[in-house]
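Please read these notes with the model open beside you.

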Amino acid sequence: NNIGGSVSGKGTLGIAGGQTTLGKKLALSVAAVDQQSGILVIDRPLTYGGTWDLLGGVLDLNTSAATLTLGGQTNLDGGTLTSFGGALVLNGNAHAGNVTIGGPTTIFVNGTLDQTGNVVFGLASNTYATIASTGSWLVEGDSSIIGSYGLITNNGLLSDPNGSGDAQVQASIINNGTISASNSTLTLAGF
């Protein structure tokens, strides 16, 4: 599937199976994008303000020009995000858990990312994450950022806010902001 033109309405664009490429001239304005399985390829800049759900399959930002900027609720609750130099920009509220982020992928957290399950960094190369001064990455409870590759530059807040559980961050960290653990253990185990 190669989707161009206009996809609009109050409903949801569902991706389930096969490979779908969001074309260069796509105007995307549905209420939600819901990827259950399959491969969704983005090879250009795309800005979207609705709800974006990655529940399974592969979201492939396959060129350095592929920047996916999300302003609405984003849920990375399964599947794999991968790229060949592309970027994911989270400007709104986001949730992550049980997702793999392969490299080289760059993630910018400008809003709040609430993590309640494990996030695996790197498949064969680095994942880079930058938490902006306005951003927060909350690693809840027993959730962890795991994997052999990855670098987080924190200019905002990296926190285990719950006061319960043991969270671990295996990515390397450059901290220019605040790291916080509330009555819990946040283990920094970067390489």
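1. A polar contact here is a pair of N or O atoms within 3.5 Å; within protein, one atom must be able to donate a hydrogen and the other to accept it, and residues adjacent in sequence count only if both atoms are side-chain atoms. Start with Asn154. A polar atom of the Asn154 side chain lies 3.3 Å from the backbone nitrogen of Leu157. A polar atom of that side chain also lies 3.0 Å from the backbone nitrogen of Gly156.

2. A word on the source. This is a predicted model, in which local features need pLDDT of at least 70, side-chain atom pairs count only at pLDDT 80 or more, and totals for chains, interfaces and linings use all residues. Residues are numbered from 1 along each chain as its sequence is written, and side-chain values use heavy atoms, with hydrogens and water left out.

3. Where does Asn154 sit? Asn154 belongs to strand β23 (residues 151-154). Strands (E, at least two residues) and helices (H or I, at least four) are DSSP runs, numbered from the N terminus. Is Asn154 buried or exposed? Asn154 is buried, with a relative accessible area of 0%. The cut-offs are under 20% relative accessible area for buried, over 50% for exposed, and partly exposed in between (1.4 Å probe, protein chains only).

4. Two strands pair if DSSP finds at least two bridges between them. Strand β1 (residues 2-3) pairs with strand β4 (residues 19-22) in the parallel sense, over two bridges. Ile3 has Leu22 of β4 as its bridge partner. β4 also runs parallel to strand β7 (residues 39-42), joined by four bridges. There, Thr20 is partnered with Leu40 in β7.

5. Strand β25 (residues 166-169) is worth a look for its two faces. Ala167 and Val169 make up the covered face, while Asp166 and Gln168 make up the uncovered one. In a regular strand the side chains alternate between the two faces of the sheet.

6. Which strands flank this part of the account? β22 and β25 run parallel, joined by two bridges. Ile145 stands opposite Val169 in β25. β25 also pairs with strand β28 (residues 185-188) in the parallel sense, over four bridges. Ala167 has Leu186 of β28 as its bridge partner.

7. How many aromatic pairs does the structure hold? There are two. Rings of Phe, Tyr and Trp (its six-membered ring) pair if their centres lie within 6.5 Å; planes under 30 degrees apart count as stacked, over 60 as edge-to-face and the rest as tilted. Tyr48 and Trp52 form an edge-to-face pair, 5.7 Å centre to centre with 70° between the planes. Both Tyr48 and Trp52 are buried.

8. Phe121 and Trp137 also form an edge-to-face pair, at 6.2 Å centre to centre and 65° between the planes. Phe121 lies in strand β19 (residues 119-121) and Trp137 in strand β21 (residues 136-139), so the pair ties together parts that are 16 residues apart in sequence. Phe121 is buried, at 0% relative accessible area. Trp137 is buried too, at 1% relative accessibility.

9. On a 1 Å grid over the protein atoms alone, a cavity is a set of points where a 1.4 Å probe fits but cannot get out, and lining residues have an atom within 4 Å of a point. Grid points are joined across faces, edges and corners, and a volume is the space filled by probe spheres set on the points. The search of the whole structure finds one cavity of 30 Å³ or more. The largest cavity holds about 50 Å³ of space.

10. What lines the largest cavity? The lining residues include Leu76, Leu88, Ala96, Ile101, Val119 and Trp137. By class the lining has nine nonpolar, no polar and no charged residues. Ala, Val, Leu, Ile, Met, Phe, Trp, Tyr, Cys and Pro count as nonpolar, Asp, Glu, Lys and Arg as charged, and the others, Gly among them, as polar.

11. Ala96, one of the lining residues, is found in strand β15. Ala96 is buried, at 4% relative accessibility.

12. Finally, check Asn98. Asn98 is found in the loop between β15 (93-96) and β16 (99-101). Its phi is near 60°, a positive value in a residue other than glycine. Most residues other than glycine have a negative phi. Asn98 is exposed, with a relative accessible area of 56%.

Methods: On a 1 Å grid over the protein atoms alone, a cavity is a set of points where a 1.4 Å probe fits but cannot get out, and a pocket is an open set with protein on both sides within 12 Å along at least five of seven lines; lining residues have an atom within 4 Å of a point.
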